Amino acid sequence: MTAAAAPTAVRAPAVQAPVVRSPFGRFVAESAAAGRLVVQPRMGFADLPRMRLGLERTKSAAATTVGTLTIDSYTRLGDHAAARRALDEGAGLNGYPIVSHSRATTRALLDGVRDASFPVQVRHGSSRPHHIIRALAGAGIDATEGGPVSYCLPYGRTPLRDSVRNWARACELLADTVPAPHLESFGGCMLGQLCPPSLLVAISLLEAVFFTRHGIGSVSMSYAQQAHPAQDEEAVLALRRLAAEFLPAGTDWHIVLYTYMGVFPVTEHGAGRLLEESARLAVRSGARRLIVKTAAEAHRIPTVEENVRSLEAAALAAAGATAPAAGTPAPESGIHAEARAFVTAVLDLGDDLGRSLTAAFERGHLDVPFCLHPDNAGRSRSFVDAEGLLRWSSVGSMPIRPDPGPGARAAMTSDQLMSALHGVARRFDHP
């Protein structure tokens with residue numbers, strides 16, 4: 001992987017005073033200082049007793065945990081009337097409808113569970129998050145996640161320009177209504193799989209910079225585990241280097257790793273092995289928080305107990321992993337250079353990062369492979385090589401060069417695409 005030369009980027013303005021660390025960020029930092037990986041479920045239920053039980057069991061798990069309120073699809077899409085009807089009629093929802101519930105209801109749900117030793121984050125997936133931000137702020141919650149690109153391109157057809165504007169307002173609303181908020185970029189999880197690491201790293205970093213420019217002083221950047229452990233480790237290390245370089249001085253930040261987001265193993269032993277590998281990867285690469293998956297992922301929404309078992313299994317695997325010694329040379333195959341080329345190409349488009357992100361997609365400087373959103377150029381392509389490395393076969397107008405290595409090809413056939421999509425699940429189900 002070789003990046004083309006890029007001009008010097010326009011850097012973010014430095015923060016004038018030290019940023020107050022958010023309660024969420026402080027908990028993660030203190031856990032890391034004690035040598036503990038924070039593990040977190042993707043848990044959300046409409047039923048209040050079940051949601052309360054999920055939070056309580058997460059808190060009492062044999063692991064260092066934070067809680068999650070994952071929001072339902074109606075609320076994510078802004079159809080609050082449908083969420084309200086589902087609640088009134090007792091119909092099933094696939095998450096917690098935070099806007100439809102009153103602030104008092106959510107505060108009561110969290111009372112006696114959420115505290116300094118157990119922060120809670122709202123996860124949602126909306127490109128129009130204003131109502132969700134108001135609801136979580138009103139309930140006293142200080143942490144959420146998303147982003148103008150990552151909560152737009154993979155999830156629907158909202159114009160990117162609108163999502164950028166919505167997220168600028170959402171960041172400012174969060175900064176104005178929560179004393180010390182924390183915001184996580186979902187940018188390292190674009191489409192779950194088959195997006196080469198350098199673009200995941202760049203989008204996550206750019207979204208974090210976007211957050212800081214709109215008043216957020218505590219951020220986290222995500223990266224989703226892909227197909228090759230060494231390549232993933234290099235990607236997380238590259239993200240850490242770029243965060244240290246491009247985030248404003250005084251920003252409170254950390255990296256969150258996601259257990260594999262693509263087609264998941266269908267067997268319990270396969271799912272367990274993949275989860276444990278993600279926990280070890282988090283420790284080796286210096287990620288401070290891990291979003292887990294469960295053995296039920298391939299079939300249905302996991303139960304509370306299944307989530308807890310995954311949290312405890314991840315914590316056990318992490319405890320047995322070894323972080324690299326200080327000064328250990330980082331692996332380098334070009335991910336950092338490519339990611340930095342993406343970042344500088346966007347930042348050099350102007351001081352308004354929202355406009356620059358929109359322009360970068362219009363010009364194809366950022367181009368997510370296999371993404372069908374109308375604002376994505378759709379000319380980049382990737383493939384998984386014989387060693388399991390995720391590589392570029394076509395880069396369109398992006399500021400990097402396609403991989404010239406053996407096995408590179410212009411496009412995959414449909415059979416090759418399906419094989420790539422199922423490769424990780426197949427490998428872990430049948431060791």
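At 57% relative accessibility, Asp-88 counts as exposed in this predicted model, because the cut-off for exposed is over 50%. Its salt-bridge partner is Arg-84, which is partly exposed at 34%.

Side chains of opposite charge can pair when their charged atoms come close. The structure holds 14 salt bridges, and three of them are set out here:

| Salt bridge | N to O distance |
|---|---|
| Arg-84 and Asp-88 | 3.0 Å |
| Arg-57 and Glu-305 | 2.8 Å |
| Asp-385 and Arg-391 | 2.7 Å |

Arg-57 and Glu-305 link distant parts of the chain: Arg-57 belongs to helix α2 (residues 48–60) and Glu-305 to helix α11 (residues 304–319), 248 residues apart. Arg-57 is partly exposed, with 22% relative accessibility, and Glu-305 is partly exposed as well, at 36%.

Are Asp-385 and Arg-391 buried or exposed? Both residues of this pair are buried. There is also a network: Arg-123, Glu-145, Glu-184 and Arg-289 are joined by salt bridges that share partners.

Now for the serine. Ser-150 lies in the loop between β6 (143–146) and α7 (160–177), and it is buried, with a relative accessible area of 0%. A polar atom of the Ser-150 side chain is 3.5 Å from the backbone oxygen of Gly-146. Beyond its neighbours within four places in sequence, Ser-150 is in contact with Tyr-155, Phe-186, Gly-187, Met-190 and Glu-207.

Key:
Residues are numbered from 1 along each chain as its sequence is written. This is a predicted model: local features need pLDDT of at least 70, side-chain atom pairs count only at pLDDT 80 or more; totals for chains, interfaces and linings use all residues. Side-chain values use heavy atoms; hydrogens and water are left out. Helices (H or I, at least four residues) and strands (E, at least two) are DSSP runs, numbered from the N terminus. Buried means under 20% relative accessible area, exposed over 50%, partly exposed in between (1.4 Å probe, protein chains only). A polar contact is a pair of N or O atoms within 3.5 Å; within protein, one must be able to donate a hydrogen and the other to accept it, and residues adjacent in sequence count only if both atoms are side-chain atoms. Contact means heavy atoms within 4.5 Å. A salt bridge is a side-chain nitrogen of Lys or Arg within 4 Å of a carboxyl oxygen of Asp or Glu.
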